[in-house]
Amino acid sequence: MSCSRSQALAANEFELHREEARNALDQTIRLAEDLIFDPDGSLRGSKNEAQIRSLLLKSFPNESLGVNEVMTFANGVFKDNLRNYRHPLHFGHQRPGPCLASLIADILNGATNATVSVFEAGPVSVSIEKTVQDWFLELFSMQEGSASTFTNGGSESALTALICAKRRWLAENPDRDFSEARLLIGEDAHYCFVRAARVIGLREEQVHRVWCGKQHDMCIRALEAEIEAVTDQKGASVFCIVGTAGSTPAGTFDDIKIQRWIADDCKAWLHIDASHGGAAVFSSEYKHLIEDIETADSFQFNPHKMMWLSPPCALFFVKERRHLELALANDLSQASYLLNRASNEHEDLPDENLEVTLACTRQFSALKVYCAAVMYGIRGIGQRIVNACKIAEKLAELVDNDPRFELFMSPAFNIVLFRPKQFAGYDKELRCLRDDIANENRIYLTGTEVDGSYWLRAQCTSENNDEAHLACVLDIVSDYANQEKFNNLRGQEVFT
Ligand SMILES: *Cc1c(COP(=O)(O)O)cnc(C)c1O
């Protein structure tokens, strides 16, 4: 690698001069613009991890290589090996290409590094975070006394929920041991709940998975049966039920109203994981999917999913603020450096932000929400969600009308599960088919196991996943399914 003296930084000079900086920023913005507005290039470069790593610096360089080296890297290795989330044939994971408002906020955040913990250190950031939290409490129809916190993602929200539930149980059952408490989660619950359960000290047998029924939401009969099984065990009781609004495998929604009744009945904390589906709040057409969410003791929502914001941008909501305080209150006398003022003129602002989150440093992600709200409004964000769900519906319809394919279920939201018919019962081969498709990058799909068998999974989040490209999805998958190596499956096809 070469660099001229003027681009490299002198040892005693950390930053570029203004003109050089402007030039670098201009180039960066132009690249960002290309990435956003020219999504039709390749889905991904063809290099594997070892090949990409061979193009990166082997170790932390001793000396500056210069800003031009950064630009060469950005326009080369970085750009050429991206997974292009905006490509019309990208139906991958839940992470969408961020909207423009998100990019603008990220640039402002990147330039300022604003804190959200203490008003004195971040006056506008703390104020915006609080304002955005108030907006969400109103949007989700939360009652007086409710509260929320920004978190670094759904997994942190899940952990916060279980800590709150545990603290309440311990407070209500001062004479009992937590080993008697049981957690009930859906079969399709996100894996972060099992991890969070371990973190709060639950043993494996204290976590019960509740079967999901035909519509792939939590089966209420199974839930009642699990509760009965728990209460049959001497001394045991359910301390928390976790429902899902927008499940990771199939995008299905639990019946929150019934879960609320059942949780009340057994005095359990009800938490709803709306990491994915909480965005339905923006759409009058899909809002019914999260009806009654405000009655849950807590719920979580990730704007870094179906709000098209960059991660992290996630929130945790609690119906009664005191539970959050009980769970995460800090002894700030140990952090006297944060509380310098002799008198506090912004009484309700600074400390509050610190006492109710697991993390001390959090990204100022409320700025992304604020900018998106200003740029698109509820209607614009809602429209985008409707568009994504309509594409999913259209894809499901094509699958259903195509004799080559089988549809798992009619999509509730933006996720479609399907497979070529002859692969039913041949999970290993179907996984292999998915890998072939992913490796050649003509289309990007994930796969998932539901109900004990494997399905291809198309997640519609890109504004470029338009109808014109959908037929092409099925033809490409069919091409791969007809490879010679899968010939032995052909006779297996079930014509119904
Ligand atoms: C993505 C997701 C999570 C995890 O959120 P992270 O921000 O990735 O930690 C949890 N639950 C559901 C339903 C999700 O979709």
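## Ligand contacts

The side chain of aspartate 273 places an N or O atom 2.5 Å from a nitrogen atom of the ligand, a polar contact (a pair of N or O atoms within 3.5 Å). This is a predicted model, in which local features need pLDDT of at least 70, side-chain atom pairs count only at pLDDT 80 or more, and totals for chains, interfaces and linings use all residues. Residues are numbered from 1 along each chain as its sequence is written, and side-chain values use heavy atoms, with hydrogens and water left out.

Lysine 305 has a side-chain N or O atom 2.8 Å from an oxygen atom of the ligand, and a polar side-chain atom of serine 275 lies 3.4 Å from a ligand nitrogen atom. The protein buries 86% of the 380 Å² that the ligand exposes when taken alone (Shrake-Rupley method, 1.4 Å probe). The ligand is surrounded by 14 residues (a heavy atom within 4 Å); the closest are Gln94, Gly154, Ser155, Asp273 and Lys305.

## Salt bridges

The count of salt bridges is 21, each being a side-chain nitrogen of Lys or Arg within 4 Å of a carboxyl oxygen of Asp or Glu. One of them joins the side chains of arginine 260 and aspartate 264, at 2.8 Å from N to O. Both residues belong to helix H9 (residues 256–265), where arginine 260 and aspartate 264 are four residues apart, about one turn of the helix.

## Surface charge

Glu33, Asp34, Asp38 and Asp40 form a negative surface patch (residues with over 30% relative accessible area and no salt bridge, like charges joined within 9 Å). Aspartate 38 is located in the loop between helix H1 (18–37) and helix H2 (49–54); helices are DSSP runs (H or I) of at least four residues, numbered from the N terminus.

Methods
Patch = residues over 30% accessible without salt bridge, like charges linked within 9 Å, V, L, I, M, F, W, Y side chains within 5 Å. Lys, Arg positive; Asp, Glu negative; His and termini not counted. Charge placed at Lys NZ, Arg CZ, Asp CG, Glu CD. Helix = DSSP H or I, 4+ residues; strand = E, 2+ residues; numbered from the N terminus. Polar contact = N/O pair within 3.5 Å; in protein donor to acceptor, adjacent residues only side chain to side chain.
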